[in-house]
Amino acid sequence: MRRPMVAGNWKMHGTRASVAELTRGLGEMPIPGGIEVAVFPPALFISEVVDGLKGKGIIVGAQNSAVLPEEGALTGEVAPSQLAEVGCKLVLIGHSERRQIIGETEEVLNRKFAAAQKSGLTPVLCVGETLEEREAGKTLEVVGRQLSSVIDAFGIKAFANAVIAYEPVWAIGTGLTASPQQAQDVHAAIRKQLAAQDAEVAGNVQLLYGGSVKAANAAELFGMPDIDGGLIGGASLNADEFGAICRAAGN
């Protein structure tokens, strides 16, 4: 049985003071039974967030990790083995900001996906289309291609230890949100693509929706049959708002 997950991606936000305050707020937040809650702080603050949330039932993940699993000569990068050592359990792979702004290719993302799994981290693979691609009717083609890149490289069983987040690029940080039915249609297509190769993997993998999720729209989105929770951006920087989204997932 899939458990709902609500994950907060803090992106490149936070000072020592604001991270400490947010961590305190999250630590005081009651977590509904039966759901998983995760946060992805900037790499600089991961250790203190892990320490601050110890025993609180909140998973800590990283927003990025290196293409190599172990520490070594790769200036400026953080190895997934190093992330695992400090207490990370998850890592985002292929967020649209890294695909679009940093220019990460499918080849690079596949290496990161494999390195994360080798180091004991669970990758959260982010997929999604731009507004131009949606308007051209290419949503399922684009998302399918991004999924196929991993399947072709590592086989369908790779998703037995992974999470998938559908994030339409046009809805990230814009205030625009896919309608619950639009989001459900893509989530259903993702699950169908996986099920064509392995029904058990498809039935167990958590599919999250990301793209301007707020307390006001979370319940309707999470009520869809193939949406197992959300990858939350801006709303995760406020403990009260994030808590309300978690409660929506718990219901």
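This is a predicted model: local features need pLDDT of at least 70, side-chain atom pairs count only at pLDDT 80 or more; totals for chains, interfaces and linings use all residues.
Visitor: Which residues does UniProt place under the feature "binding site"?

Guide: The unreviewed UniProt entry places this feature at N9, W10, K11, G173, S212, G233 and G234. Although these residues span 226 residues in sequence, no two of their C-alpha atoms are more than 13.7 Å apart, so they gather at one spot. The lining of the largest pocket includes N9 and K11 from this set. UniProt positions follow the numbering used here, feature names are shortened, and annotations may be inferred rather than shown by experiment. On a 1 Å grid over the protein atoms alone, a cavity is a set of points where a 1.4 Å probe fits but cannot get out, whereas a pocket is an open set with protein on both sides within 12 Å along at least five of seven lines; lining residues have an atom within 4 Å of a point.

Visitor: Where is N9 placed, and is N9 buried or exposed?

Guide: Helices (H or I, at least four residues) and strands (E, at least two) are DSSP runs, numbered from the N terminus. Buried means under 20% relative accessible area, exposed over 50%, and partly exposed in between (1.4 Å probe, protein chains only). N9 belongs to strand β1, residues 5-9, and is buried, with a relative accessible area of 4%.

Visitor: What surrounds N9?

Guide: Contact means heavy atoms within 4.5 Å. Apart from neighbours within four places in sequence, N9 is in contact with F40, Q63, L92, H95, L231, I232, G233 and S236. A polar contact is a pair of N or O atoms within 3.5 Å; within protein, one must be able to donate a hydrogen and the other to accept it, and residues adjacent in sequence count only if both atoms are side-chain atoms. The side chain of N9 reaches the backbone nitrogen of K11 at 3.0 Å.

Visitor: What is the phi of K11, and what is that of S212?

Guide: K11 has a positive phi of about 55 degrees although it is not a glycine. This residue is found in the loop between β1 and α1 (16-27) and is buried at 17% relative accessible area. For S212, also a residue other than glycine, phi is positive and near 60 degrees. S212 lies in the loop between β7 (207-209) and α10 (215-222), and counts as buried at 16% relative accessibility.

Visitor: Is G173 buried or exposed?

Guide: G173 is exposed, with a relative accessible area of 75%. Its place is in the loop between β6 (163-166) and α8 (180-195).

Visitor: Which residues does UniProt place under "active site"?

Guide: The unreviewed entry places that feature at H95 and E167. Of the two, E167 is included in the lining of the largest cavity.

Visitor: What are the contacts of H95 and of E167?

Guide: Beyond four places in sequence, H95 is in contact with N9, K11, C126, E167 and I172. H95 lies in the loop between β4 (90-93) and α4 (96-102) and is buried, at 4%. E167, in the loop between β6 and α8, is buried at 5%. Its contacts beyond four places in sequence include H95, C126, I172 and L231.

How values were computed
Residues are numbered from 1 along each chain as its sequence is written. Side-chain values use heavy atoms; hydrogens and water are left out.
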